[in-house]
Amino acid sequence: MEIIICSDADEVARVAAGKVARIAEAVGPAVVIGVATGSSPIGLYNELARKVGAGELDLSEASAFALDEYVGLPEGHPESYAEVIRRTVTEPLRLDPRRVHVPNGFAADVEQAARDYEDAIEDAGGVDVQILGIGSNGHIGFNEPVSSLVSRTRMKTLTKQTREDNARFFDSLDQVPLHCLTQGLGTILDARHAVLVAQGEGKADAVAAMVEGPLSAMCPGSVLQLHEKATIVVDEAAASKLTRQDYYRWVHENKPDWQREIKGA
Ligand code: F6R
């Protein structure tokens with residue numbers, strides 16, 4: 001795991017977007033990007049959009065796969081992840097909507113929709129770089145605590161904590177769906193790179209458990225300890241409960257140039 005501690009949320013966005021952009025350039029025009037919803041990656045998306053607008057990055061031939069979708073919202077609901085991805089990713093990053101995929105949480109047969117989603121990722125050649133946030137309870141995607149560490153895309157029930165955390169996007173807690181379709185932890189681990197961003201004190205416990213805690217289904221994010229190329233980009237508040245902050249900073253400052261070039265940190 002590579003841990004990058006930034007001074008603030010703006011730097012998190014710049015560093016993480018730089019990393020994603022360098023991977024996209026290295027892969028080529030048909031890069032496949034895994035995209036998360038939620039607040040955490042918004043700055044990263046804004047920075048990628050700025051690069052696209054400035055002609056520094058062209059994602060017009062890229063594909064994208066969202067991590068998850070609610071089950072139980074009417075199609076077209078503004079807080080459905082299909083809509084959120086359209087507003088925050090597809091349009092600003094000038095992606096071709098035909099190549100942007102979100103699990104079909106509106107399907108009559110969600111189990112089939114889950115299998116179809118796995119097939120679609122495989123048909124696209126797999127995800128080159130997966131952008132992630134982490135829930136305050138350690139979830140990634142909507143893989144809540146005690147999710148199987150080898151799980152694939154499937155329906156899950158959201159925890160009370162996650163529904164409360166996400167109620168800010170709805171008029172009331174009652175409107176937050178109970179269920180979702182989410183890529184599994186095994187699906188996420190298959191991505192060739194993972195870039196997770198976290199900001200704020202509310203994420204400090206989850207970040208510490210993910211990075212320094214035991215590999216455990218109690219903190220689904222800890223599965224990234226098994227990933228060969230996982231980069232965690234956090235601000236100081238989200239890093240505040242890490243015990244080895246000095247070491248992570250030292251490693252980052254002393255990274256050899258050749259490794260910066262290739263790994264793009
Ligand atoms: C959303 C997702 C979730 C969020 C997590 C953090 O697609 O995969 O794991 O990343 O719930 O949400 P925010 O960023 O809103 O704090």
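Is Glu-122 buried or exposed? Glu-122 is exposed, its relative accessible area being 61%. The model under comment here is a predicted one.

1. Negative surface patch. Glu-122 sits in helix α4, which covers residues 110-123. On the surface, a patch of negative charge gathers Glu-122 together with Asp-109, Glu-111, Asp-116, Asp-119 and Asp-123. Glu-122 counts as exposed because its relative accessible area of 61% lies over the 50% cut-off.

2. Nonpolar surface patch. Tyr-247, Trp-250 and Val-251 make up a nonpolar patch on the surface, and their accessible area together is about 340 Å². Val-251 belongs to helix α8, residues 245-253. This valine is partly exposed, with a relative accessibility of 33%.

3. Salt bridge between Glu-2 and Lys-255. The whole structure holds 14 salt bridges by the search made here. One of them pairs Glu-2 with Lys-255, and the closest N and O atoms are 2.1 Å apart.

4. Salt bridges around Arg-50. Within helix α2 (residues 42-53), Arg-50 and Glu-47 are 3 residues apart, about one turn of the helix. Their side chains form a salt bridge with an N to O distance of 3.0 Å. Glu-56 is partly exposed, at 42% relative accessibility. Through salt bridges that share partners, Glu-47, Arg-50, Lys-51 and Glu-56 are joined into one network.

5. His-227. This histidine is placed in the loop between α7 (204-212) and β10 (230-235). A polar atom of the His-227 side chain lies 2.6 Å from the backbone oxygen of Ala-191. His-227 is classed as buried because its relative accessibility, 7%, falls under the 20% cut-off.

6. Arg-94. Although Arg-94 is not a glycine, its phi is positive, at about 55°. Arg-94 is located in the loop between α3 (81-90) and β5 (100-101). With a relative accessible area of 53%, Arg-94 is exposed.

7. Val-146. A positive phi, near 75°, is also found at Val-146, a residue other than glycine. Val-146 occupies the loop between β6 (129-132) and β7 (154-157). Its relative accessibility is 59%, so Val-146 counts as exposed.

Methods:
Residues numbered from 1 in each chain as written. Predicted model: local features only at pLDDT ≥ 70, side-chain atom pairs only at ≥ 80, totals over all residues. Heavy atoms only, no water. Patch = residues over 30% accessible without salt bridge, like charges linked within 9 Å, V, L, I, M, F, W, Y side chains within 5 Å. Areas by Shrake-Rupley, 256 points an atom, 1.4 Å probe, with all protein chains shown as cover. Salt bridge = Lys/Arg side-chain N within 4 Å of Asp/Glu carboxyl O. Lys, Arg positive; Asp, Glu negative; His and termini not counted. Charge placed at Lys NZ, Arg CZ, Asp CG, Glu CD. Helix = DSSP H or I, 4+ residues; strand = E, 2+ residues; numbered from the N terminus. Buried < 20%, exposed > 50% of the residue type's maximum accessible area, 1.4 Å probe, protein only. Polar contact = N/O pair within 3.5 Å; in protein donor to acceptor, adjacent residues only side chain to side chain.
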